[in-house]
Amino acid sequence: MSSSPVSASLPAQPYGRPPLRTVQVLGGAAGVGNSAHVRSLTTGLAARGVRVTVCAPVEAEGEYDFTGAGAQFEPDAVGALRAACAGADVVHAHGVRAGLRAALALRGRRVPLVVSWHGDGPAAAGALGRLSRMLERHVARAAAVVLGSSSDQVDLARLRGARDARLAPVAVPAAGTDADPGKARAELGAVERPLLIAVGSLVPHRGYSVLLDAAREWRTLEPVPLLVIAGEGPLRAGLSRRIEAEELPVRLLGRRRDAAQLLAAADVAVLPSRREERALLAQEALRVGVPLVATAVGGVRELVGEGAVLVPPGDAGALASAVAGLLADPDRRAGLAAAGRAQAATWPSEDDTVAQVLSVYDELTERGRR
């Protein structure tokens, strides 16, 4: 997934004040959307004269080049994070786990903490769920401001005890899609058959077991569509066994740097998640005009509006039927693609996102000067 720079013409730090110093914290399990957002945010903040330090896994720096965006990079080790936070005016953590790490690093210091909850879903059941809710409460109460990427996230933060929770939709950079779609389809073996695509890590909440159930029903279509899944994770072995044992028309591609180009070549994108907020796949599909079938969970409905077909989570039959209906109706696909592009045009730009975040930082630092 590529990133596009925020304009370097944005105003610098005003009135001769010392530059604002901020630390952006990414947790060890940070997803593609979080990392791409932090890269975009770093570029925009640095262009405005803010001194940015990014504390993240080393592999995230290799993938997203935060240093090239104008930041100082520090690995997310406890000591490095605590040292970085000691010199900050504002610390901004992305995700609940990153928020917990930042809160611990700031213990005993009067540095405001901002936490973005984009990408964090509702807690699981049982003991794990109780632990998740406990961590969410701790982070929500430690944060000066919680920024939710959807209304659901804002409501959850308030439920967990946030003093100040605000809606802050995340603009993720548009990915380049200049590659030849025909070449991509040929490489995947989908020249004379429909191509379906899902993108995301192979973890339980992505709903890939339900997606394979739907793929079993697509074997009756003529021609049989090919489903490709770009992503890696702990469920790969189990999914591979099912695909082979049931002879499903599915290919696991692993993690792909060209996922955006593959998406642009697809006939339909599929998002079968059991929980989701501002899904990266949904944003990119609507931007490039690829019809999307998604589950009506979390912030998805708010994100896509009328620009996608929504189905209940966990319902393989509804998912299979929605995709089959789109494949059989080119006019409907074209109409959905147009609606998706129109919906994408309503989303905040990268500049809008940077401006909103910087206004929060300014508010918190002004409050601290009083």
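User: Two strands count as paired if DSSP finds at least two bridges between them. In this predicted model, how many bridges join strand β4 (residues 90–94) to β5?

Analyst: The model is predicted. Strands β4 and β5 run parallel, and H94 stands opposite S116 in β5. Pairing requires at least two bridges; the number that joins β4 to β5 is four.

User: Which helix does the chain pass through on its way from β4 to β5?

Analyst: The path from β4 to β5 is a β-α-β crossover, and its hand is right-handed. The helix in this crossover spans residues 96–105 and is α4.

User: Which residues of β5 point the other way from L113 and V115?

Analyst: In a regular strand the side chains alternate between the two faces of the sheet. Strand β5 covers residues 113–116, and all four named residues there are buried. With L113 and V115 pointing one way, those that point the other way are V114 and S116.

User: Which residue of β6 stands opposite V114?

Analyst: β5 also pairs with β6, in the parallel sense and over three bridges. Strand β6 spans residues 145–148. The residue there that stands opposite V114 is V145.

User: Is S150 buried or exposed?

Analyst: S150 is in the loop between β6 and α6 (151–159). Beyond residues up to four places away in sequence, S150 touches L167, E277, G299 and E302. The cut-off for burial is under 20% relative accessible area, and S150 has 1%, so this residue is buried.

User: What is the bridge partner of V54 in β3?

Analyst: Strands β2 (residues 51–56) and β3 (residues 72–75) pair in the parallel sense over four bridges. The chain goes from β2 through helix α2 (residues 58–64) to β3 in a right-handed β-α-β crossover. Within this pairing, the partner of V54 is F73.

User: What is the centre to centre distance in the pair formed by Y64 and F66?

Analyst: The structure holds one aromatic pair. Its members, Y64 and F66, are both buried. The planes are 20° apart, and the limit for stacking is under 30 degrees, so the pair is stacked. The centre to centre distance is 6.3 Å.

User: How many residues does the largest nonpolar core have?

Analyst: In soluble globular proteins, nonpolar side chains tend to be buried together. Here the residues with the most contacts inside the largest core are I197, A269, L271, L292 and V304. Among the elements that give two or more residues to this core are α7 (181–188), β8 (195–199), β11 (268–271) and β12 (292–295). Another core, of 30 residues and including Y208 and L252, lies apart from it, and the largest core has 32.

User: Which residues does A269 contact, leaving aside its neighbours within four places in sequence?

Analyst: A269 is one of the residues with the most contacts inside the largest core. Helix α11 (280–288) gives two or more residues to that core. The contacts of A269 are I197, L263, L281, A285, V290, P291, L292 and V293.

User: How many of the nine residues of α11 are buried?

Analyst: The buried residues of α11 are L280, L281, A282, Q283, E284, A285 and L286. Just after the helix, G289 takes a positive phi of about 80°. α11 is mostly covered, and its buried residues number seven.

User: Which peptide bond is cis, with omega near -5°?

Analyst: The proline involved is P223, in the loop between α8 (208–218) and β9. Strand β9 spans residues 226–230. The cis bond runs from E222 to P223.

User: What share of the 370 residues in the protein chain is buried?

Analyst: The chain has 15 helices and 13 strands. It exposes about 15,900 Å², of which carbon and sulfur atoms supply 51%. The share of buried residues is 51%.

Definitions and conventions: Residues are numbered from 1 along each chain as its sequence is written. This is a predicted model: local features need pLDDT of at least 70, side-chain atom pairs count only at pLDDT 80 or more; totals for chains, interfaces and linings use all residues. Side-chain values use heavy atoms; hydrogens and water are left out. A nonpolar core is a set of buried Ala, Val, Leu, Ile, Met, Phe, Trp, Tyr and Cys residues joined through side-chain atoms within 4.5 Å. Buried means under 20% relative accessible area, exposed over 50%, partly exposed in between (1.4 Å probe, protein chains only). Contact means heavy atoms within 4.5 Å. A crossover is right-handed if, with the strands pointing away from the viewer, the path from the first strand over the helix to the second runs clockwise. Rings of Phe, Tyr and Trp (its six-membered ring) pair if their centres lie within 6.5 Å; planes under 30 degrees apart count as stacked, over 60 as edge-to-face and the rest as tilted. Accessible areas come from the Shrake-Rupley method with a 1.4 Å probe; for residues, only the protein chains shown count as cover.
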